[in-house]
Amino acid sequence: MRPRRSHPRKPIGLALLLLLAFGLAQTASADGITYRSVKYPEFAQWRAACAKLPSNRMLLGQAATTKLETALPAFDEVATALRAAFESFKTGSMNPAANWVGGKPKAAEFFNTNRAYFLKPPIPFQPFAQKLQVPAGSEVIFHGDFHGDIHSFIATLDSLNQAGTLDGFRLAKPNCYMVFLGDYTDRGFYGIEVLYTLLRLKLANPDRVFMARGNHEDVQMIPTYGFLAECQKKYANLFNPALIGRLYDFFPVVIYVGSGTDFLQCNHGGMEPGYLPGALLDAKPAVAYQLLGQVTGGAFLAGHPELLKTADVSRRDFLKTTIRDYTPLAPMSPMINGFMWNDFTVFASEPGLGYMDGRGFVYGKAGTRIVLDASAGATARVRGVFRAHQHSSAVNPMMRRLVAGNGLFRHWHEHDSLAKANVTAATLRSECKLEYSAERPLKDGSVWTFNVAPDSYYGRGNSYKFDTYGVLTTGEAFADWKLRVVHQVVPVLKTLPAGQ
Ligand SMILES: [Mn+2]
């Protein structure tokens, strides 16, 4: 019997395969000749170039155009940064074998950027987890989905420059880190500008800036959701999608961020009980990695029968046969990766485990608690989840809470309920006691969703104009950790002031 996929997806298109294969050949021949002659713009120059671009919200209101403005007119500029990023990944903290729990992946496969799992002959698809253990008192900046919204990204960097956290692209404060929660491109017209900005941050701070892999960091998604079309409009046949697809393989599907023995699971989607990080978190190195290897959701269910008991009775048979052990072949094959895809319920009264067609497994409060507890090591504990992903262009209960919460929502609020699903922001804040202030309490076992950037069709559908980032300050004990939410208006109907 064919293994059941968690939901059906189109196989990778022949046209995309040909394009990817061509891109790789182009890379191999051009490497070291053209790319390295390009000089990187300074932050101020880059900011000014991005400020000239019309907003996504303006373009979304217009008929489709064949031409798109870009702050990166030559693809060589992108390719230079991509090549430099590959070198940084190959020679940085992923290089020492001692930083890989359970063994370092092969140099001839994982680290060979002339090959890819999506090309022939394929190398294995090897998703991995990361640990980032920072000193107590460190600041970690978090941001949710950008989806091609460069104006919000620049606004965030402006804010961090004004705060003295950044000096241009460089983190200026000691013990300061940045973690991005995935979905950088697609659905907005400046995916390439967003990716390039991420690469510049990574290159300026290789040990302190990390990107999680979202469900859109997948070559199979880009032809459908806009990124491929964007790049073909900007670069025609000079665009090399294989380089981008290969970059995504260096993004961990989950980053456990912590101090001492306390950690937060930081990823794009949701829970993935087919991988447990105990050994990774207990490992000595402050930055460590582990391949997911075989994803053992079936074994987890067998060993934790209490998880299935949190599900609705009518769904248990389906969940039992669908959550199983498998070897990942691609982010959506033979099953979707839960770290990249899964969701959470909004209300505490909803089932602990469920499933939604087209989205994946949905974890409630009790189900999440079981997986978090099982994620502990001999000493390490996983205290909660920071994630993004769960957005809609329609006004729904989740989006109402994200907007009323100033861009960060803690699931399962104690005074919230299904009966209040569609109440106004004012009622959410008063009657449901929705948290919306700058300082947020960090409660053990909680899940926080970061909002998607506003210059997007999500922002248009839900009428919000502010972008949000979180600043986590760690402490000696988890009780001392602090979370601050910074939100600022982004002028989504015009371009940003050229400034300086
Ligand atoms: Mn998204």
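Analyst: Let me begin with a definition: two residues are in contact if their C-beta atoms, placed from the backbone, lie within 7 Å. A second one concerns the elements, since helices (H or I, at least four residues) and strands (E, at least two) are DSSP runs, numbered from the N terminus. With these terms, the buried residues of α15 pack against α12 (305-309), β12 (343-344), β13 (353-356), β14 (360-363), β15 (381-387) and β18 (446-450). The model is a predicted one, in which local features need pLDDT of at least 70 and side-chain atom pairs count only at pLDDT 80 or more, while totals for chains, interfaces and linings use all residues. Residues are numbered from 1 along each chain as its sequence is written.

User: Which residues of helix α15 are buried, and what makes Val209 count as buried?

Analyst: A residue is buried if 20 or more other C-beta atoms lie within 10 Å of its own, exposed if 12 or fewer, and partly exposed in between, with C-beta atoms placed from the backbone. In helix α15 (residues 365-374), the buried residues are Lys365, Gly367, Thr368, Ile370, Val371 and Leu372. Val209 has 21 other C-beta atoms within 10 Å, and is therefore buried. Val209 lies in strand β6 (residues 209-211), and, leaving aside its neighbours within four places in sequence, Val209 is in contact with Met178, Leu201 and Lys202. Over the protein chain, buried residues make up 50% of the 500 residues.

User: Why is the protein chain called as compact as a globular protein of its length?

Analyst: The protein chain has 18 helices and 20 strands. Its radius of gyration is 21 Å, close to the 23 Å that the globule rule gives for 500 residues, so the chain is as compact as a globular protein of that length. The radius is taken over C-alpha atoms, and the globule rule is 2.2 Å times the number of residues to the power 0.38.

User: Why are β9 and β16 said to stand at the edges?

Analyst: Two strands pair if DSSP finds at least two bridges between them. An open sheet of 7 strands has the order β9-β1-β7-β8-β15-β18-β16, with mixed pairing. β9 (287-291) and β16 (408-410) each have a single partner strand, so one side of each is left without a neighbour in the sheet. Within this sheet, β7 (residues 254-259) and β8 (residues 262-266) run antiparallel and are joined by 5 bridges, and Ser259 stands opposite Asp262 in β8.

User: How do you know which strands are at the edges of the sheet of 6 strands?

Analyst: That sheet is open and mixed in its pairing, in the order β6-β5-β2-β19-β20-β17. Its edge strands are β6 and β17 (439-440), each of which pairs on one side only. Strands β19 (residues 466-473) and β20 (residues 482-489) pair in the antiparallel sense over 8 bridges, where the bridge partner of Leu472 is Leu483 in β20.

User: What makes α4 oblique to α6?

Analyst: Helix α4 (residues 75-91) and helix α6 (residues 191-204) pack at an angle of about 40°, with their axes 10 Å apart. Axes are lines fitted to C-alpha atoms, for helices over the stretch in contact, and angles run from 0 to 180 degrees between N-to-C directions. Angles under 35 degrees count as roughly parallel, over 145 as roughly antiparallel, 65 to 115 as roughly perpendicular and the rest as oblique, and that makes α4 oblique to α6. Residues that meet across this pair include Val78, Ala81 and Leu82 in α4, and Ile192, Tyr196 and Leu199 in α6.
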